Amino acid sequence: MHLSFLLLAGVAALIPAVVRAKDAGAVTIMIDGQPKTKYVLTTTPNNVAVSGGNSITLSGGGRVYIGNSPDYSFNTGSFDEVDLFGKRLKVDMDLSQVGCNCNGAVYMVSMPAYNSQQQPQPGAGGDYYCDANAVGGTYCPEMDVSEANKYAMASTAHTCHYDPPHYYDTCDGGGCGANVLDSHGKEFGPGKYIDTNLPFTVSVSFINQNDNLAVVNNYFWQNGKTIQFNSCNANYLQWMGKSLPGMVMTMSLW
């Protein structure tokens with residue numbers, strides 16, 4: 001899956017790499033080498049703007065999901081459930097104005113949410129949102145591809161206790177991950193080797209071994225300069241890998 005994002009101070013403009021406007025909320029992105037039309041879904045329309053046919057701008061508190069339908073009413077079939085197992089997500093970022101106390105997040109969650117009766121759970125927001133900390137009131141697995149500002153970037157897996165076929169009664173809210181500062185603190189940041197005052201590329205690879213997710217590799221590129229680090233460990237990631245097929249891409253700024 002090939003996406004590209006631009007993040008700005010106080011707002012985050014998210015720009016898919018191969019984009020063609022279908023209407024105010026439609027984008028075309030490359031998935032498995034094929035152009036696919038997808039739609040931007042949100043319950044925070046005052047914090048979200050789709051413009052120019054190629055950008056999504058979020059102000060603080062905005063959150064969007066990638067969906068399948070131009071019908072912006074939420075239902076359990078609204079969301080584009082993608083499979084990153086054994087694949088790569090490429091993200092172009094500009095964090096130059098995203099400072100401390102801001103988090104421009106790109107992550108995957110196992111939406112739609114379900115309750116303990118195995119029924120779809122719209123939640124307080126009516127958007128069927130769930131994550132590993134039950135922010136919307138319901139738990140589900142979460143893979144934080146990037147939680148970032150200009151000073152740091154973390155990649156974290158969050159697994160959950162599964163009650164088949166759909167319900168999760170608790171999750172590992174802290175998760176298992178790593179921050180680019182752990183291994184490249186002197187190389188990532190404003191004016192550093194990977195200069196976050198300028199755009200750069202992150203390629204996140206979900207590498208499997210023996211049919212299990214074993215490595216989440218985060219590879220940074222900027223004008224020929226590269227650094228990389230891995231998130232978590234194979235023992236934990238094997239369980240994260242069970243949830244990767246069918247997760248929904250979510251983006252937020254808070």
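**Notes on the disulfides, cores and pocket**

1. Let's start with two cysteines: cysteine 130 and cysteine 140 are both buried. They form a disulfide, with their sulfur atoms 2.2 Å apart. Keep in mind while you look at this pair that the model is a predicted one. The torsion about the S-S bond of cysteine 130 and cysteine 140 is about 90°, so this disulfide is right-handed. Cysteine 130 sits in the loop between β9 (104-109) and β10 (142-149), and cysteine 140 also sits in the loop between β9 and β10, so the pair ties together parts that are ten residues apart in sequence.

2. In case the term is new to you: a disulfide is a covalent bond between the sulfur atoms of two cysteines. How many disulfides does a search of the whole structure find? The search turns up three. If you number the bonded cysteines in sequence order, the pairing reads 1-2, 3-4, 5-6.

3. Next comes the link between cysteine 160 and cysteine 171, where the sulfur atoms are 2.0 Å apart. This link of cysteine 160 and cysteine 171 is right-handed, with 95° about the S-S bond. Cysteine 160 belongs to strand β12 (residues 160-163) and cysteine 171 to strand β13 (residues 167-171), so to speak two distant parts of the chain, eleven residues apart. Is cysteine 171 buried or exposed? Cysteine 171 has a relative accessible area of 15%, so it counts as buried, the cut-off for buried being under 20%.

4. Then there is cysteine 176, joined to cysteine 232 by a disulfide with an S to S distance of 2.1 Å. The link of cysteine 176 and cysteine 232 is right-handed, with 110° about the S-S bond. Find cysteine 176 in strand β14 (residues 176-179), then look for cysteine 232 in the loop between β19 (225-231) and α2 (234-240); the two are 56 residues apart. Cysteine 176 has a relative accessible area of 14%, so it is buried.

5. Cysteine 100 counts as exposed because its relative accessibility is 54%, and the cut-off for exposed is over 50%. Cysteine 102 is in no disulfide. At 25% relative accessibility, cysteine 102 counts as partly exposed.

6. Time to zoom out. The protein chain has two helices and 20 strands. Of its 254 residues, 50% are buried. The chain exposes about 10,600 Å², and carbon and sulfur atoms supply 48% of that area. Take the contacts between residues at least 6 apart in sequence: 62% of them join residues at least 24 apart.

7. What about the inside? The largest nonpolar core has 41 residues. Which residues have the most contacts inside it? They are Met108, Met143, Met153, Phe188, Phe200, Phe206 and Phe220. Another core, of 18 residues, lies apart from it; Val109, Met111, Cys171 and Val248 are among its members.

8. The largest pocket has a volume of about 410 Å³. It is lined by 23 residues, and Ser110, Pro141, Tyr162, Tyr168 and Ser243 lie nearest its centre. The elements that give two or more residues to this lining are β12, α2 and β20 (245-253). Which element supplies the largest share of the lining? That is β20, with three residues.

9. One last stop: serine 205, in strand β17 (residues 200-209). At 17% relative accessibility, serine 205 counts as buried. Leaving aside residues up to four places away in sequence, serine 205 touches Lys87, Arg88, Val215, Val216 and Asn217.

Methods:
Residues are numbered from 1 along each chain as its sequence is written. This is a predicted model: local features need pLDDT of at least 70, side-chain atom pairs count only at pLDDT 80 or more; totals for chains, interfaces and linings use all residues. Side-chain values use heavy atoms; hydrogens and water are left out. Helices (H or I, at least four residues) and strands (E, at least two) are DSSP runs, numbered from the N terminus. Buried means under 20% relative accessible area, exposed over 50%, partly exposed in between (1.4 Å probe, protein chains only). Contact means heavy atoms within 4.5 Å. Accessible areas come from the Shrake-Rupley method with a 1.4 Å probe; for residues, only the protein chains shown count as cover. A nonpolar core is a set of buried Ala, Val, Leu, Ile, Met, Phe, Trp, Tyr and Cys residues joined through side-chain atoms within 4.5 Å. A disulfide is a pair of cysteine sulfur atoms within 2.5 Å. On a 1 Å grid over the protein atoms alone, a cavity is a set of points where a 1.4 Å probe fits but cannot get out, and a pocket is an open set with protein on both sides within 12 Å along at least five of seven lines; lining residues have an atom within 4 Å of a point. Grid points are joined across faces, edges and corners, and a volume is the space filled by probe spheres set on the points.
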